[in-house]
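User: I have a chain open on my screen and would like to talk it through with you. Could you help me read it?

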Amino acid sequence: MSTLCELRLRLGLEASADDAVVFATVDEAAHLMSYLPPTDVAAAAQTVLVLASLQGPGLPTLLGALRGAAMSPQPERELVELTVNWTGGFAEIRASWGDTVASAGRATGPTETTRLDHHERHVGTLTVALPAPWQVLIPVLAEYALLARLRSAAAGAARRRVGERMLDALLSGQDLGRTEALGREPFAMAVATLPSGTLRQDQALDLLAAVGEGYFSERRLVGHSTVRAEGQGGMTVWLWTTLDLSREARELHLSLTSSTALDVRLGISGRQAGGTREMIAGIQTALAQARQALSATQRTRAYTVFHEMDALHSLISDGSLNVLAAQVNAQLDTLGDGGRTADTLRAYLAHRGTLAELALALEIHVNTLRYRLRRAEEVLGGRMGDPAVLARLYLAFGAETV
């Protein structure tokens, strides 16, 4: 507690008859001095209360207990439990992507959330609901919560080095007996890259590896990561035992983009069979699938799962079909009709109804439509009912739009 005398001195005011009155919170001070601007009173009261707490004999005990919690084997859990034991309130620490890491107590009033950042990395949040006398402690708790998250990350980094050596060996086709350590669960792989020119790209990729492995650890999934040289930059690679691949892909990408300000592109393989023999055969397959999914991810801060990607789009977009597109267009140009037949064929490929319905949509007579299709069959050398002809048209027209 502090007195109004101390508060008046902090505000630059003269002494008063009620200077012996005490207050324990900023709100109490604002009520006692309601005739002054609330923001001025609040700032001064908070300073006085903090100074009082620093001068109290209990400060070493307070800081010692917080330090002990932050340095424990489970720092987040110890910290929130200590906070609730002291205050009777509520405390919760979440990972940067929203998973609850530790929680204790029950919120019976408004909550206050503090974002935990270390340099440019978002590592989580602290949410508390504390009785009024304890709210002055929130900034201190936030600093120790940040320390707890960083300690957990450091512990994960030590474990990650072991997994990194294992994954490097597996990707190189060496020491395949290590697959037994991953169990018999199905597995998946993911690869991530950053835009060329990213500052300190090696460090940034290593940060992605740590964030991703932290996500798997907190989900209790066996996962390993490594960073590999690739072209002009590099890529981060993860291998993990999967339970729900679609959800894990979404949440892994969210964890990477929430924890950093980097423009991450992510490709995820399909689900591979577990077991030692299956994993030996599946590792290179999974890596190839993840890289193909990555190549299909055109936007930054986006991801693609192999079994959800449009494989034909990848074929069309890489330029391999330019010769086919040029050939088909040259054949149709011999008709000399200003591209009307080509436009009709595009509409035909996209239509799912009858020819009469298509003719109506094109505002032409159905006999005109049939005539154009017959002319197209003549120059293309096949009938519209032939799947090979339809496939050639689909790929050729698709290549034009990329």
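User: Let's begin with Ser255; where does it sit, and is it buried or exposed?

Analyst: Ser255 is in helix α8, which covers residues 245-259; helices here are DSSP runs of H or I with at least four residues, strands are runs of E with at least two, and both are numbered from the N terminus. Ser255 is buried, since its relative accessible area is 0%, where buried means under 20%, exposed means over 50% and partly exposed lies in between, with a 1.4 Å probe and protein chains only. Please keep in mind that this is a predicted model, in which local features need pLDDT of at least 70 and side-chain atom pairs count only at pLDDT 80 or more, while totals for chains, interfaces and linings use all residues. Residues are numbered from 1 along each chain as its sequence is written, and side-chain values use heavy atoms, with hydrogens and water left out.

User: What does the side chain of Ser255 reach, and which residues is Ser255 in contact with?

Analyst: Its side chain reaches the backbone oxygen of Leu252 at 2.6 Å, a polar contact in the sense of a pair of N or O atoms within 3.5 Å, where within protein one must be able to donate a hydrogen and the other to accept it, and residues adjacent in sequence count only if both atoms are side-chain atoms. If neighbours within four places in sequence are left aside, Ser255 is in contact with Ser96, Trp97, Val211 and Tyr215, contact meaning heavy atoms within 4.5 Å.

User: And α8 as a whole, which of its residues are buried, and what covers them?

Analyst: The buried residues of α8 are Leu245, Glu248, Ala249, Glu251, Leu252, His253, Ser255, Leu256, Thr257 and Ser259, and their cover includes β6 (121-129), β7, α7, β9, β10 and β11. The length of α8 also agrees with expectation, because 15 residues at 1.5 Å a residue should span 21 Å and the end C-alpha atoms are 21 Å apart; the expected span is 1.5 Å times one less than the number of residues.

User: Which residues have the most contacts inside the largest nonpolar core?

Analyst: That core has 24 residues, and those with the most contacts inside it are Leu208, Trp238, Trp240, Leu252, Leu256, Leu266 and Ile268; a nonpolar core is a set of buried Ala, Val, Leu, Ile, Met, Phe, Trp, Tyr and Cys residues joined through side-chain atoms within 4.5 Å. At least two residues of this core come from each of β7 (187-193), α7, β9 (233-241), α8 and β10 (265-268), and α7 gives the largest share, six residues. Another core, of 23 residues, lies apart from it and has Ala70, Val80, Ala91 and Ala104 among its members.

User: Switching to α11, which of its residues are buried, and where do they fall around the axis?

Analyst: Leu324, Ala325, Val328 and Leu332 are the buried residues of α11. Seen down the helix axis, they fall within an arc of 100°, so they line one face of α11; the arc is that of the directions from the helix axis to the C-beta atoms. The face turned away from this buried side carries the exposed residues Val323 and Asp333.

User: What about Thr334, buried or exposed?

Analyst: Thr334 counts as exposed because its relative accessibility is 58%, and it lies in the loop between α11 and α12 (340-350). The side chain of Thr334 reaches the backbone oxygen of Gln331 at 2.5 Å.

User: Last one, how many helices and strands does the protein chain have?

Analyst: The protein chain has 15 helices and eleven strands, and buried residues make up 42% of its 402 residues.
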